[in-house]
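The following paragraphs lead through a single protein chain.

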Amino acid sequence: MRETQQQYFGKRAFASLHGAAIFFLGSSSDSSRSVEYLDLHSADTIQDAFWVLCALEALSYYLQTAHPNVSVVTIWSDNAASYHNQLVCRLAPLLLARYG
């Protein structure tokens with residue numbers, strides 16, 4: 001019987017890892033593009049709504065401080081259950097609005 005991902009990582013004390021690839025596109029008259037990567041990790045293996053909200057807050061803070069001119073943000077996830085539960089859906093817009 002094959003073990004689930006939660007069982008595999010849970011018993012081996014592997015850290016939770018979330019990453020963000022941040023794509024910057026130039027304006028309609030400027031075709032330049034650049035990419036930055038932001039990796040977030042935690043010492044525990046729990047990937048729940050609170051971890052997702054903490055990751056979104058860290059990303060929001062990074063964008064506000066390092067790139068204050070960003071005006072549009074689009075978030076894509078890997079469709080894990082921790083990203084589309086009610087708590088994240090309700091609090092993420094408030095959290096993102098806090099950082100502009």
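In what order do the elements of the chain run from the N terminus on? The order is α-β-β-α-α, and the chain has 3 helices and 2 strands. Helices (H or I, at least four residues) and strands (E, at least two) are taken as DSSP runs and numbered from the N terminus. The model is a predicted one, in which local features need pLDDT of at least 70 and side-chain atom pairs count only at pLDDT 80 or more, while totals for chains, interfaces and linings use all residues. Residues are numbered from 1 along each chain as its sequence is written, and side-chain values use heavy atoms, with hydrogens and water left out.

Of its 100 residues, 23% count as buried; a residue is buried under 20% relative accessible area, exposed over 50%, and partly exposed in between (1.4 Å probe, protein chains only). A contact requires heavy atoms within 4.5 Å. Among contacts between residues at least 6 apart in sequence, 60% join residues at least 24 apart.

Which residues make up the largest nonpolar core? There are 9 of them: Ala20, Ile22, Phe24, Leu38, Leu40, Trp51, Ala55, Leu59 and Leu63. The elements that give two or more residues to this core are β1 (16-25), β2 (33-42) and α2, and α2 gives the most, with 4 residues. Another core, of 8 residues, lies apart from it and includes Leu53, Leu56, Val88 and Ala92. A nonpolar core is here a set of buried Ala, Val, Leu, Ile, Met, Phe, Trp, Tyr and Cys residues joined through side-chain atoms within 4.5 Å.

Strand β2 also carries Asp39. Asp39 counts as exposed because its relative accessibility is 57%. Asp39 touches Leu17, His18 and Gly19, residues up to four places away in sequence being left out. Between Asp39 and Gly19 the C-alpha to C-alpha distance is 4.3 Å, although they are 20 residues apart in sequence.

Helix α2 has 18 residues and reaches 25 Å from its first C-alpha to its last, close to the 26 Å expected at 1.5 Å a residue. The expected span of a helix is 1.5 Å times one less than its number of residues. The buried residues of α2 are Ala49, Trp51, Val52, Leu53, Ala55, Leu56, Leu59, Ser60 and Leu63. An α-helix has 3.6 residues a turn, so residues three or four places apart point the same way. Ser60, which belongs to α2, is buried because its relative accessible area is 7%. With residues up to four places away in sequence not counted, Ser60 touches Leu96 and Tyr99.

Are they buried or exposed? Ala81 counts as exposed, at 57% relative accessibility, whereas Ser82 counts as buried, at 9%. Ala81 and Ala49 are 32 residues apart in sequence and 8.8 Å apart in space, C-alpha to C-alpha. Ser82 and Phe50 are 32 residues apart in sequence, with 8.7 Å between their C-alpha atoms. Leaving aside residues up to four places away in sequence, Ser82 touches Gln47, Asp48, Ala49, Val52 and Val88.

Helix α3 (residues 86-98) has 13 residues and reaches 19 Å from its first C-alpha to its last, close to the 18 Å expected at 1.5 Å a residue. Asn85 caps the N-terminal end of α3, where a side-chain oxygen lies 3.1 Å from the backbone nitrogen of Leu87. A kink of about 35° lies at Ala92, shortly before the proline Pro93; the bend at a residue is the angle between axes fitted to the seven residues ending there and the seven starting there. The buried residues of α3 are Val88, Ala92 and Leu95, and they pack against α2 (49-66).

How many salt bridges does the count give? The count comes to 1 salt bridge, defined as a side-chain nitrogen of Lys or Arg within 4 Å of a carboxyl oxygen of Asp or Glu. Arg98 forms it with Glu57, the closest N and O atoms being 3.1 Å apart. The pair links distant parts of the chain, with Arg98 in helix α3 and Glu57 in helix α2, 41 residues apart. Arg98 counts as exposed, at 58% relative accessibility, while Glu57 is partly exposed, with a relative accessible area of 28%.

Key
A polar contact is a pair of N or O atoms within 3.5 Å; within protein, one must be able to donate a hydrogen and the other to accept it, and residues adjacent in sequence count only if both atoms are side-chain atoms.
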